[in-house]
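Hello,

Here is the structure I promised to hand over. Please open it and keep it beside this email while you read.

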Amino acid sequence: MAEQFGSFTASELYCPKCRSAQPVRERLLLVLPTGELYEFLCSRCATSLGKRTVTGPAVAAPARPQPGPRPRSPQGRGRPRGLLAG
Ligand SMILES: [Zn+2]
């Protein structure tokens, strides 16, 4: 088995139930306005080994498309009001 854990996560934590260091799984618990709360679970017995809060970018501005020039309909504005009573 090739270990492909990222360097930004704790790959192993001590599990009191397994009585040894076990590889952990990250589980998203809550999404907070300030970040995300993850929980570390033992990949062997699924015991909660710890939590951590990952603070993301403060403001994630959604990329919205620029309003381009709209093609105008070639309708003239003049109304035929030509009922000349005379
Ligand atoms: Zn365990």
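Which residue takes a positive phi in the hairpin of β3 and β4? It is A46, with a phi near 60°. That hairpin has 5 residues between its strands. Keep in mind that this is a predicted model.

Now the overall layout. The protein has 4 strands and 0 helices. Along the sequence, the pattern reads β-β-β-β.

Next, the pairing. Strand β2 covers residues 20–31, and strand β3 covers residues 36–42. These two run antiparallel and share 7 bridges. A hairpin of 4 residues links β2 to β3. To find your place in this pair, look for V24, which sits opposite C42 of β3.

Strand β3 also pairs with β4, which spans residues 48–54. This pairing is antiparallel too, with 6 bridges. Here E36 faces V54 of β4.

Then the core. In soluble globular proteins, nonpolar side chains tend to be buried together. In this model, the largest nonpolar core has 5 residues: C15, V24, F40, C42 and L49.

Last, some totals. The protein has 86 residues, and 7% of them count as buried. Among contacts with a separation of 6 or more, 22% join residues 24 or more positions apart.

Best wishes

Technical notes. Residues are numbered from 1 along each chain as its sequence is written. This is a predicted model: local features need pLDDT of at least 70, side-chain atom pairs count only at pLDDT 80 or more; totals for chains, interfaces and linings use all residues. Two strands pair if DSSP finds at least two bridges between them. A nonpolar core is a set of buried Ala, Val, Leu, Ile, Met, Phe, Trp, Tyr and Cys residues joined through C-beta atoms within 7 Å. A residue is buried if 20 or more other C-beta atoms lie within 10 Å of its own, exposed if 12 or fewer, and partly exposed in between; C-beta atoms are placed from the backbone. Two residues are in contact if their C-beta atoms, placed from the backbone, lie within 7 Å.
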